[in-house]
Amino acid sequence: MLGAAAVLISLLLVGVFYYPVGRVFVEAVVVGGQVTLGVIWDVLSDPFYTGELGRLLSGASPGSVVRRLFGGRARLGIVGFTAYQAALSTLASVALGLPGAYLLARYEFPGRRTLRSLTMLPFVLPSMMVAIGFVATFGSEGTLNAVLGTLGLGHVKLLYTLEAIVVAHAFYNAPLVVRMTTAAWESVDASAVETARSLGASPLHAFRTVVAPQLVPAVLMSAALTFVFTFGSFPIVLALGGYQLSTVEVFVYQLIRDFSYAEAAALALLELGISLALMYGYLRYEARHAARTRGARPLPRKSLLPDRLTGRELLPRLGLAAYGVVAALVFLAPIASMLYASVSGPTGLTLDHFQFLVERQTTGAQFQVRPLPAIRNSLLFGVASLALALPMGVVVAVLTTRDYRGRSLVGAVAMAPLAVSGIVVGLGLLRGLVFGAEIAGHRIAVDGAAAIVAAHAVAGYPFVVRVVAPGLDRLDPSLVESARALGAPRIRALLDVELPLVWPAVVAGAAFAFAISIGEFTATAVLANSTGQYTMPVAIQRFIGRRLGPATAMGVVLLVVTALSFVCIERLGGERDGL
C-alpha cells in the first residue's frame, strides 16, 4: 500500500510540478514550433538583464567591460541587481540575527522558550501581510514619520527604496539565522570550553578557538539559505520596491502580464539555474557541516539580570538592550502599524476601513476585488491544498527515513519544490494546465482554482516533510520490528505504531501547509490574473496602490486566520528539529 501511495504521489508530482516546470523549459527553447536558443541568448546578451556580462556577450570588447567594472560605471542589470539586493539582505539578516542567537543561547530569562518559538513566524506569516505592515510603518503617512513629526525631526522617505526591501527581508530571514545559530551554539560541549580555559586561554580566546569554529558553519548555512530566499523574493519587492526596483521575479511577472511568455520563460529558466546551483551548494555544505546532536553538556546559560554591577557584566546586557530596541522596531512595528492603520483615519480611531470592505462586498462591480470571495477562496484553497499536501508530505517523510538504495535521490526529487520559484511553478501551471495541453489527441485543461490548489500543495508539502521526518527518524526501530514480529503488515505498523508517536508533528505539518496556502502569493498572483480566483494576499496587493486603509483591514483579517494556524502549531506541534 505504501508503494502504491508512493507511485500515486509520483504521478501527482509529475502532473502538477515537473510537467509544468518542464513546460517552462520547453517554452524557453521552442518558439513557433522550432527549437532555438535564440530567446535564451537574447536574454543572456541583453545588458538590461545581465549587465556587463550581456555587453560582453553582445560584442563589447573585454577591455571596455573591465574598465567599466573598475571605473564604477558597471551596469548590474536585472539579474545583477537581484543578486546585489540579496547580498545586502543577507548581511542585514545575519547582523540582526546573531545578537538574537547570542541572547537565546547564552542567557536564561522568563519567556525564553516562547521567544525562541517565535523564530518560526517567517514560515507562517504571509508576505503580503508583512509588506502592508511595512507600508503602514515606513510610508509617507506611516507611523515612523508620525513619530518623527511629533518629535520635530522631519520626514524620511523609505518606501519604494532598496533600504525598505532589505529591512523587510531581514524581518523574514533574521529569525532563520537566530534559529540555526542558536541550535549550533547549544550543541557546543561545555567541557571543551572548560578544557581550553584550564590550559590558560582567556574567555575571548576560548570562544575564538572552541566555540566560533562550531558556529561558523551554521552562520554560513543560514546566510546561504537567506541569499537563496531573497534572490527569489517576489511579494516584498513588488510591494515595497515596485517596478522601479525590479528583481528577476518581479520582471518575469511583468512579462507574463504583457503576454511575453517566451521571454518570461527564458528569464525564469536563468533564475531557476542560478537558484538550483545555490541550493545544491547549500545542501553539499550542510551535509558536511551541519551539527546534528547537542553537546554532552551544553554551555550553561547566565541570568539576564546581572549578579554584580561591573562593567564586564553590564556591557553585554546594555548591548542586548539596544538590540532589543532595534529588533522591536523591525519585528513588532510593522504588525503594530498595520493594526493601528486599520482602525485609524484623519480624524482619529475609526472603523471606516472595515466598513469600506463591507460596502465593497455589497456594491462592488464584478471586476473589482471583493473581500468575501477573497476570504472564501483563501479558506477553500487552504483546506483543499491541505488535503493534498498532508498525505503527500507524510508519505515522502516515510520514504526519506527508510534505509534503501537511492533514498537520497528520492529525497532530492521530492524536495525540489523548495528550490523552484513560485513564479516558475505558476507560469508552468498557467501555460501547461490552465491553457490546456494536447495528450493523445485530446485537449486537457484544468480549472484555475484547481491549478491554484495544486500550486499551494506543491509549496506546502515540503514543510510537512521537514516537520514529520525528524520525528520518524528518531523512533526506536525495535517498535516497528516488534509489530512486524507480531504479524502486522508494514502499512499497519506505520498507521498503528509510527504515526501515533509522531502525531503532534503531523498536526504541526498540517498547520504549516494550511498557513502557507493562506499566505501564498507568488504563484497565485500569476494564476489569479488569468482566472479571477483571487485570494486575501492578492486582494491586499490590489488595495495597496489605491487605498492603504482597506489593505490594512484585509491584512488584519489575514493575520487572524494565520494566527489561528500558528497557535495550532505551537499548541500541538511540540519540538521540531526539521525547521
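Axes here are lines fitted to C-alpha atoms, for helices over the stretch in contact, and the angles between N-to-C directions run from 0 to 180 degrees. Helices (H or I, at least four residues) and strands (E, at least two) are DSSP runs, numbered from the N terminus. The model is predicted, so local features need pLDDT of at least 70 and side-chain atom pairs count only at pLDDT 80 or more, while totals for chains, interfaces and linings use all residues. Residues are numbered from 1 along each chain as its sequence is written, and side-chain values use heavy atoms, with hydrogens and water left out.

**First stop: H6 and H11**

Select helix H6 (residues 77-106) together with helix H11 (residues 162-186), which pack at an angle of about 45° with their axes 5 Å apart. H6 and H11 are therefore oblique to each other, given that angles under 35 degrees count as roughly parallel, over 145 as roughly antiparallel, 65 to 115 as roughly perpendicular and the rest as oblique. H6 passes H11 in a right-handed crossing, a term used if the near helix is turned clockwise from the far one by less than a right angle, anticlockwise being left-handed. The residues of this contact between H6 and H11 divide into 19 nonpolar, 9 polar and 2 charged, where Ala, Val, Leu, Ile, Met, Phe, Trp, Tyr, Cys and Pro count as nonpolar, Asp, Glu, Lys and Arg as charged, and the others, Gly among them, as polar.

Stay on helix H11 and select Thr182, which is found there. Thr182 is buried, with a relative accessible area of 1%; buried means under 20% relative accessible area, exposed over 50%, and partly exposed in between (1.4 Å probe, protein chains only). Leaving aside residues up to four places away in sequence, Thr182 touches Ala101, Leu104, Ala105 and Arg116, contact meaning heavy atoms within 4.5 Å.

**Second stop: a salt-bridge network**

The structure holds 9 salt bridges, each one a side-chain nitrogen of Lys or Arg within 4 Å of a carboxyl oxygen of Asp or Glu. Select Glu108 next, and display Arg301 with it: these two form a salt bridge in which the closest N and O atoms are 3.4 Å apart. The pair links distant parts of the chain, with Glu108 in strand S3 (residues 107-108) and Arg301 in the loop between helix H16 (261-289) and strand S4 (302-303), 193 residues apart. At 29% relative accessibility, Arg301 counts as partly exposed. Salt bridges that share partners join Glu108, Arg112, Arg116, Glu186 and Arg301 into one network.

Select Leu304, in the loop between S4 and helix H17 (311-342). At 29% relative accessibility, Leu304 counts as partly exposed. Again setting aside residues up to four places away in sequence, Leu304 touches Leu103, Tyr107, Glu108, Phe109, Arg317 and Leu320.

Select Arg431 and Glu27, whose side chains meet in a salt bridge (3.0 Å, N to O). This pair links distant parts of the chain, for Arg431 is in helix H21 (residues 422-434) and Glu27 in helix H1 (residues 2-29), 404 residues apart. Both Arg431 and Glu27 are buried.

Select helix H18 (residues 352-363) and helix H19 (residues 371-399), whose axes come within 7 Å and cross at roughly 95°. H18 and H19 are therefore roughly perpendicular to each other. In this contact Leu357, Arg360 and Gln361 in H18 meet Pro371, Leu372 and Pro373 in H19. By class, the contact of H18 with H19 has 4 nonpolar, 1 polar and 1 charged residues.

**Last stop: two loop residues with positive phi**

Select Tyr160, in the loop between helix H10 (143-150) and H11. Phi of Tyr160 is near 60°, a positive value in a residue other than glycine, and Tyr160 is partly exposed, with a relative accessible area of 36%. Then move to Phe259, in the loop between helix H15 (248-257) and H16. Phi of Phe259 is near 65°, likewise a positive value in a residue other than glycine, and at 61% relative accessibility Phe259 counts as exposed.
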